[in-house]
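Work through the exercises below with the structure beside you, and try each task before reading its solution.

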Amino acid sequence: MPAKTILSRPVYGTLSPQTGKNHLFIADAEGAAAILDLAKKAPDGFFASAHIMFIPEMAGNQFQTALRTLKPAQFYEGPSVAAALPRLRQTLANAHMGLRLYLTGSEGLIGQAMQVALEAGIDHSSIQTEHRGSWARRVQCVHCKGITENVTTQPATCAHCGLLLLVRDHYSRRLAAFQGVCINAEDPSEIPQKEEIFR
Amino acid sequence: MSAGTTKLNVTVTDVVAVNELVKRFHFERTDGGDLPTFSGGAHVVVEMRDGDKSRLNPYSLMSSPHNTRDYTISVRRDDSGRGGSLFMHNHVKRGMEMVISYPVNLFSLDLRARKHLLVAGGIGITPFMAQTAQLAGEGGNFELHYTCRTPALGTYADVLHDRYGKRVNIYYDDTNERLPLERLLASQPLGTHLYVCGPAGMIRWVRETAAAHGWPDETVHYEHFAAPQPGLPFDVTLALSKLQISVGEEQSLLEAMEAAGIDPPYLCRGGVCGQCETNVVSYDGTFKHNDHWLTEAEHCSGKKIMPCVSRFEGKSLVLER
Ligand code: FES
């Protein structure tokens, strides 16, 4: 867990079973392991009212069998976060109070699922989150407003306008993205070395 | 004066008997002009000068927040209370000048909510009168569930029903109508917030049931109607001011300090806001904690007291004040 630098930098916790009528888990890659860890602390029958949406990404096939063994009421495996989000939106639109939400995996997944949840009217403080796996960031370029996914370097090149961006810890829950600001606006010929720091 | 307790000089413009137990009071600014704006759920502290006694009681504003010409409050007569409500009922007449505080809101609507589920018991209806007016004006999505003893004592039940029709559901105890709480809680869309105001037992029941149904704490709002309770008189030493004071049977500790010329901070005078929290230097006796601010552990620690509602019985009490 990186040090908390500024207030908007998200902090993540450890998933724990909440009191609720239904439980919705959204995980990518190693996030699956956080669900398996929660299962060890969960009361009997907990997963009978659970719905797991899993996006394996780089994790391949290593977690599916274990997740299915939990016998969730519903299990969905999606090809990408982008493909899973409309499904999440739909699920939340039909849901009632008493549904508890658990987000785990990469920052990008947690952020984007959180964004959909906030739009559905869930308070961010009532959502359980746990970071697992990659620290790659979603970054919004403050100049062209384009969003670049999976940013691992500092500085990073904006995939839309090509500016070299300083990736800040300033985070927008509404956009589910970190802010990227041109690092060499004064002198574009000055090109700082890129370092891989968000792994 | 305490933070958030700037005073307003007002004149009573009307007193209306609503039913056997409840009277409504209208206030306008004595110097004319508009009163400060407020939001639904806000209360004012009304100062009652009763001979040499002075009482300050909080009452929810029940008029529409869209109207700042006058403020209205409703007071339920409590024959076994400390006399605040009896003073309002028996002595406050049209034309009288009074002092009230600026409004303070400790029970505000969370306007990010997709829907507001309001649950009232008895005189706990008053903050919802203002909140429903506010929500209706803004096209807000709400549903009000109101339990009262009998139709005759169903304060404003008819008004609310006329104003909001099916959005208002009323349950009468005398005909054994029950609020279907579990069913209500299980059928609300995601993003609903719950608000409850009424007797302590009802608030506890609603909060506990909501928690058991998986409603996050952030979505459950409540206001305790905790008027200070009378009790045995007791003596207190105020260490910082080097004063020895006595708290009368019908006085709160906060009122006794004020009578001694001390001006401790306060906001709600009902044990919920935390402003009046006071450290205990030493004691020999038992605390009668009546607040909803301190934790259970703090109540047992003997280190803190909320003088607006809590009392003490015993040999000695020294406060850091
Ligand atoms: S004045 Fe609010 S808790 Fe005492």
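**Exercise 1.** Find how many residue pairs are in polar contact across the interface of domain 1 of chain A and domain 2 of chain A.

*Solution.* Begin with the rule: a polar contact is a pair of N or O atoms within 3.5 Å, where within protein one must be able to donate a hydrogen and the other to accept it, and residues adjacent in sequence count only if both atoms are side-chain atoms. Applied to this interface, the rule finds three residue pairs, both residues at pLDDT 80 or more. By class, the side of domain 1 of chain A that touches domain 2 of chain A has one nonpolar, five polar and one charged residues, where Ala, Val, Leu, Ile, Met, Phe, Trp, Tyr, Cys and Pro count as nonpolar, Asp, Glu, Lys and Arg as charged, and the others, Gly among them, as polar. Zero salt bridges are found across this interface, a salt bridge being a side-chain nitrogen of Lys or Arg within 4 Å of a carboxyl oxygen of Asp or Glu.

This is a predicted model, in which local features need pLDDT of at least 70 and side-chain atom pairs count only at pLDDT 80 or more, while totals for chains, interfaces and linings use all residues. Residues are numbered from 1 along each chain as its sequence is written, chains are lettered from A and ligands numbered from 1 in the order in which they are written, and side-chain values use heavy atoms, with hydrogens and water left out.

**Exercise 2.** Describe the area that domain 1 of chain A and domain 2 of chain A bury between them.

*Solution.* First locate the domains, 22-131 and 137-196, whose bounds come from an automatic or database domain assignment. Next take the buried area, the accessible area (1.4 Å probe) that two parts lose on being put together, summed over both; here this is about 630 Å², with 53% of it on carbon and sulfur atoms. Finally, on the side of domain 1 of chain A, E107(A), Q112(A) and Q115(A) lose the most area, together 55% of what that side buries.

**Exercise 3.** Which residues form the salt bridge between chain A and chain B?

*Solution.* Start from the count, which is one. The partners are R112(B) and D123(A), with their closest N and O atoms 3.2 Å apart. Then turn to the whole interface, where about 1,400 Å² is buried between chain A and chain B; H96(A), M97(A) and D123(A) supply 41% of the area that chain A buries there.
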